[in-house]
Amino acid sequence: MSKSTLSSHDPRAPFSVTDLPLVIHHGELHAHWVEAARSKGFTLIARVQDRFRVALRCQTCGGLHVARHFVLMTAQPLCPHCIESRWRATASAAGLTWLGRDPRHRHYGRYLPPCGHEIRRQFTFVERVAAGAVAPRCETCLVHREEEEALRFGWARLHRDPKGNASYRLYRHDCGHEQRIAVANVRWGQCDCAGCGQSWTAKPSFIYLLDIRHPRTERHYLKLGYSSHPVKRHKHQLGLPKDAHVEVLRVVAMPTGHAACAMEKAAHARLKRDHPDAVVPHPEYADMMTVVSEIYRPESLAILQAALDRIEAETTDTARTRSPDAISAPRHTTEDNNPDRLQDDPEAPPPATSAIRTPASQPHRKPHPTAAPRDRHPILRRHWGLTG
């Protein structure tokens with residue numbers, strides 16, 4: 001491979017060693033070097049710089065470049081002038097203007113698209129553009145277009161997704177709330193602010209854990225999901241047989257549906273990656289439920305409870321960060337699980353023990369043992385008779 005390039009020389013004009021803009025190394029030009037250069041499309045001009053390098057003149061374009069004589073004897077030297085000419089022609093065929101090589105990476109070049117903003121692309125990508133397989137895209141124009149799309153629906157584009165998802169951006173709503181939203185949803189206006197909106201994304205929601213049993217087929221599954229009404233979810237939206245037994249094992253309150261959706265998706269991705277054996281294949285329960293995922297083996301109960309513990313801890317930390325003086329109510333005792341002692345009024349205040357303030361600096365609660373009974377959330381108190 002060539003080490004550096006020299007100025008091109010007109011192949012029709014006579015050439016002498018004194019015309020080289022390099023220090024000449026006085027050494028013998030061996031005959032087998034001269035013959036090797038001729039057979040590979042070059043003319044050996046002189047030894048330059050040191051005893052290891054020679055100056056070669058391309059028989060195609062007349063350009064000069066320096067190469068090691070080891071490369072000349074063992075490989076095919078490449079003329080950098082011919083290569084750049086091909087890059088320039090490819091850029092023209094792709095509708096771009098060639099600006100030169102990218103000094104930061106040898107596989108990239110600098111181009112000027114019709115919009116006038118300089119872009120940096122791989123040479124192989126520009127070849128695909130010239131072939132019509134893909135289209136070039138200017139990052140600056142893309143940002144401007146996304147900003148205009150967001151402004152139409154009351155959002156301001158801030159920057160790319162902080163979590164690294166290429167399909168998402170971070171936006172700020174007119175109310176000041178910042179939110180990650182898919183670019184496609186913003187483009188069509190299918191997005192609601194989780195801070196001031198009126199749809200499910202802004203309303204409080206829950207992440208739930210269901211225990212599903214079907215006595216007739218003796219099938220037993222667990223389901224982790226989110227819903228603003230967990231009881232209604234399994235009663236009317238799962239398509240379960242009427243003889244199926246469902247129990248809501250646990251719910252974790254989330255401030256918004258948007259937060260519940262994000263936490264639940266992240267939990268499923270983590271469980272699928274770390275515990276693939278816990279996931280039940282869809283064909284196994286396709287005739288029993290209308291859902292196509294989020295179903296787990298009953299042996300994974302401890303794993304799912306740990307996932308809910310993690311979600312609950314992260315939600316608590318986020319709430320304390322936003323409101324350090326917020327009241328953190330302790331869990332109810334297991335006696336609260338007695339249906340006879342549950343209050344009929346879902347808006348009634350909790351027992352007096354719930355009013356104890358917990359300092360913001362208090363350490364996180366330890367995860368609950370798997371065998372310990374879980375407390376019923378207030379949303380289940382108004383429906384406790386339906387969850388068995």
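**Cores.** I started with the largest nonpolar core, which has 17 residues. My rule for a core: buried Ala, Val, Leu, Ile, Met, Phe, Trp, Tyr and Cys residues joined through side-chain atoms within 4.5 Å. Buried is under 20% relative accessible area, exposed is over 50%, and partly exposed is in between (1.4 Å probe, protein chains only). The residues with the most contacts inside this core are Leu-210, Ile-212, Tyr-221, Leu-240, Tyr-285, Met-289 and Ile-295. Strand S11 (205-214) and strand S13 (245-254) are the elements that give it two or more residues. S11 gives the most, with four residues. For elements I use DSSP runs numbered from the N terminus: helices are H or I with at least four residues, strands are E with at least two.

I then looked up Met-289, leaving aside neighbours within four places in sequence: its contacts are Ile-212, Tyr-221, Leu-238, Gly-239, Leu-240 and Ile-295. Contact here means heavy atoms within 4.5 Å. A second, separate core has 16 residues, among them Leu-209, Leu-224, Ala-260 and Ile-311.

**Ground rules.** This is a predicted model, so I kept local features to pLDDT of at least 70 and side-chain atom pairs to pLDDT 80 or more, while totals for chains, interfaces and linings use all residues. Residues are numbered from 1 along each chain as its sequence is written, and side-chain values use heavy atoms, with hydrogens and water left out.

**Confidence.** pLDDT is the predictor's confidence in each residue, from 0 to 100. The chain mean is 78, and 75% of residues reach 70 or more. Strand S6 (residues 108-112) is highest at 95, and strand S1 (residues 2-5) is lowest at a mean of 43. Residues 324-373 fall below 50, yet this stretch has 53 contacts in the model beyond near neighbours in sequence. Residues 381-388 are also below 50, with 19 such contacts.

**Rings.** How many aromatic pairs are there? I count six, pairing rings of Phe, Tyr and Trp (its six-membered ring) with centres within 6.5 Å; planes under 30 degrees apart are stacked, over 60 edge-to-face, the rest tilted. Trp-87 and Trp-98 make a tilted pair, 5.8 Å centre to centre with 35° between the planes. Trp-87 is in helix H3 (residues 80-93) and Trp-98 in strand S5 (residues 97-101), so the pair ties together parts 11 residues apart in sequence. Both Trp-87 and Trp-98 are buried.

Arg-120 lies over the face of Tyr-108 at 3.9 Å from the ring centre, and Arg-180 over that of Tyr-168 at 4.8 Å.

**Backbone.** Most residues other than glycine have a negative phi, so I listed exceptions. Gln-49 has phi near 70°; this residue lies in the loop between strand S2 (42-48) and strand S3 (53-58). Gln-49 is partly exposed, with a relative accessible area of 40%. Glu-218 has a positive phi of about 60° and lies in the loop between S11 and S12. Glu-218 counts as exposed, at 71% relative accessibility.

Note on methods:
Lys NZ or Arg CZ within 6 Å of the ring centre and 35° of its normal.
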